[in-house]
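Reader: Please take me through some of the labels given to this structure. I would like each one set against its definition.

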Amino acid sequence: MTGLALEARGLHKRFGSTVAVLDFSLGVPPGAIYGLIGPNGAGKTTSLRMLATLLEPDGGEAWVGGASIRADQAGVRRTLGYMPDFFGVYPELKAGEYLDFYAACHGVPAERRPAVTSDLLHLVDLSHKRDSYVQGLSRGMQQRLGLARALVHDPAVLLLDEPASGLDPRARMELREVVRELGRMGKAVVIASHILAELADLCTHIAIVDDGRVVTDGPVEEVTRRLHGGRSVRVQVLDEGERLRDMLLARPDVHAVQLEPDLTPQPPPYHGAPQSPRPLRRGDGERDTLGSPPPRAGDGLGEGDTPATVRFVLDGDERALRTLLAELVAAGLPIFAFGQDVGGLEDVFLRVTRRLGDERDDG
């Protein structure tokens, strides 16, 4: 358990003749946002329920904050916050009363509960709804209130089962920001989801779950590199996508090059003061952020400028990334975004599950 907020070793669970979880093993460090990715029926929810001490495992062991889920369930519950995929609410309570009630259930002293309630409502951006009845809140607000409920006893570890299920895009964005803030606070957050897009730009670590077992896990970049045989990289460039592609194809350390022209309709041309596109200078890669949005009309594009995205796999470490960027910039390519392609989770998932399917067919 050294240094880990949560550790599971070989958990398994059977319901009659059905094996729900075959081998669930995972190590989650403090501050990690750990995504459990897998199709429906892969065993994610059953695994989380065992970690939350709501189901007794048939075998294996797990520790949360050093407390065993078998021998010290009370200790686990003091350290753990759990938000199921579906939870009931008390509709006739106000949002502030709802959190105060659950804080009392977790043994938070009465004199501390008003401050705890206020802090949590602020964290999930519901301070203005403190005196609103729960039944009158939107689905997104109820989800955020449910997350606040899981935090009333200040747990070090959070288990979230499909937290964005049924939410509109704006509510999902708001929920993601709350989860990011929890990671910055040093809490370990485990999120189960079958929607890869929900986790691609959020998680620091991933575990791919299929057929009741964890088939691969670790930091996102490490898992991507392990399965690709290198680092998945995305470069966005103006006009010269084909030249960039050809340069990359000529390199022995680059593989699987794909040119994806931007087919998004462009806004009307900008007729203000003329500006010329500014390619990145050597060293600009340190200041530019990963995944910068493509320039818009009026931000330096001429009428003929066409953004294009090139994705590829690069052998090597961060030094190799830096060297490649410097060489591309020195060649005069008008690059406006460069970085590791975290969005490659979908390809990673398909590679793993396809491989497992092939193994099952061979067996």
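Author: Arg176 has 16% relative accessibility and counts as buried. This is a predicted model, in which local features need pLDDT of at least 70 and side-chain atom pairs count only at pLDDT 80 or more, while totals for chains, interfaces and linings use all residues. Residues are numbered from 1 along each chain as its sequence is written, and side-chain values use heavy atoms, with hydrogens and water left out.

Reader: What makes Arg176 buried?

Author: Buried means under 20% relative accessible area, exposed over 50%, and partly exposed in between (1.4 Å probe, protein chains only). Arg176 is at 16%, so it is buried. Arg176 belongs to helix 6 (residues 169–184); helices are DSSP runs of H or I with at least four residues, numbered from the N terminus.

Reader: Is Cys203 buried or exposed?

Author: Cys203 has 8% relative accessibility and therefore counts as buried. Cys105, at 51%, counts as exposed.

Reader: How many disulfides are there?

Author: A disulfide is a pair of cysteine sulfur atoms within 2.5 Å, and by this rule the count is zero.

Reader: Why are helix 3 and helix 5 called roughly parallel?

Author: The axes of helix 3 (residues 95–105) and helix 5 (residues 139–150) cross at roughly 25 degrees and come within 9 Å. Angles under 35 degrees count as roughly parallel, over 145 as roughly antiparallel, 65 to 115 as roughly perpendicular and the rest as oblique. Helix 3 and helix 5 are therefore roughly parallel to each other.

Terms used. Helices (H or I, at least four residues) and strands (E, at least two) are DSSP runs, numbered from the N terminus. Axes are lines fitted to C-alpha atoms, for helices over the stretch in contact, and angles run from 0 to 180 degrees between N-to-C directions.
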